[in-house]
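Subject: Structure for your files

Hello,

Here is the structure you are taking over. My notes on it follow.

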Amino acid sequence: EHNESSGTESVDVLAKINGTQISDVEPFTVVVGSTNKHKGATYHFMKTVSAGDYLQIFMDSQGTDTFKAAKGFCVMGMRARGHYAHLIYTADPDQVSVVGAGSSLKTSFDEDNGGTVSSLTNGITYTSATGLLTPSVSTSYLMFSTLPMNMGLTGDSNQRIQNKLYVNGSEVISANAMGYASGVSETSIAVARSLTAGQTVSRRVNHVNIAGGTKTFNEEKGSAFTVFDISDGHSTDPSIPANVLSFSTAADSNVLNTDNIDYNIFDAANYSSFSKTDHSTATNITFSSTTGGFTVSKAGGYFISLT
């Protein structure tokens with residue numbers, strides 16, 4: 001997003017299927033401060049759809065400033081051909097407070113942490129009591145985490161959040177993220193890894209207080225974790241055809257107004273001249289710049305990523 005005005009602008013990114021907002025995918029807020037500032041964030045989800053359904057992605061301003069969808073806005077969609085599990089918060093989990101220098105490590109999507117979790121699984125078991133995922137097939141998986149977070153209006157160099165992926169209780173990869181003094185920030189992390197049937201997989205968040213005092217942290221709605229079979233489904237049904245699409249916009253959108261209007265990010269009407277860069281040959285997913293919609297030819301669970 002590109003803020004065109006002088007104040008701090010909040011913009012929701014939301015998804016609709018067949019014209020209706022997806023009930024179990026909450027809008028993800030991106031906050032941009034001051035004039036001509038850009039803010040990047042990643043938003044991902046999975047959804048089961050029917051053949052002929054169409055998906056549209058919108059931006060909805062929550063403030064009084066104008067904004068643009070910046071050049072390079074990227075969409076990637078693919079249908080699962082094997083096993084998968086997707087977890088997403090549709091209501092914020094509990095706030096975490098850390099008193100004094102130290103940290104608090106939480107397993108996301110553990111029911112003890114509060115919030116509301118929407119899950120979509122096929123061949124991978126989700127245990128809400130622990131937040132753990134357990135695959136039933138040994139193969140290669142994509143582990144993908146997007147973590148919108150808020151540091152309780154106190155974000156500074158004295159606190160940070162760590163986005164972590166774990167396998168069988170051991171850390172695989174971790175990324176530090178600093179927060180802004182107000183509003184929502186976001187950090188993403190992903191890794192491709194071979195997993196063995198029966199291993200446990202989790203996304204964990206470490207809330208770090210560096211300097212002391214009391215620091216507060218919030219993992220926000222829209223926070224999501226997906227484990228996705230990338231072996232082309234050979235372990236289940238190698239005959240299933242691929243459905244994939246990936247492109248990015250090659251120009252900024254027009255300046256978009258406020259007043260809580262949903263603007264379709266990929267509708268040519270919102271550009272002086274719409275153009276895109278294809279990153280793969282679209283297969284069984286049809287894009288229309290006239291409607292800004294993506295129509296699928298096959299039913300199934302689809303992984304969607306927006307950056």
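Predicted model: local features only at pLDDT ≥ 70, side-chain atom pairs only at ≥ 80, totals over all residues.

**Overall make-up**

Residues are numbered from 1 along each chain as its sequence is written, and side-chain values use heavy atoms, leaving out hydrogens and water.

The chain has 27 strands and zero helices; both are DSSP runs numbered from the N terminus, with at least two residues (E) for a strand and at least four (H or I) for a helix. Of its 307 residues, 54% are buried (under 20% relative accessible area; exposed is over 50% and partly exposed in between, with a 1.4 Å probe and protein chains only).

**Cores**

A nonpolar core is a set of buried Ala, Val, Leu, Ile, Met, Phe, Trp, Tyr and Cys residues joined through side-chain atoms within 4.5 Å. The largest has 27 residues, and Leu 55 is among those touching the most other members. Strand S2 (9-17) is one of the elements giving two or more residues to this core; S2 gives the most, with four. A second, separate core of 18 residues includes Phe 109 and Val 167.

**Positive phi**

Most residues other than glycine have a negative phi. Phe 109 has a positive phi near 70 degrees, and is buried at 1% relative accessibility. Asn 284, at about 65 degrees, is partly exposed at 31%.

Regards
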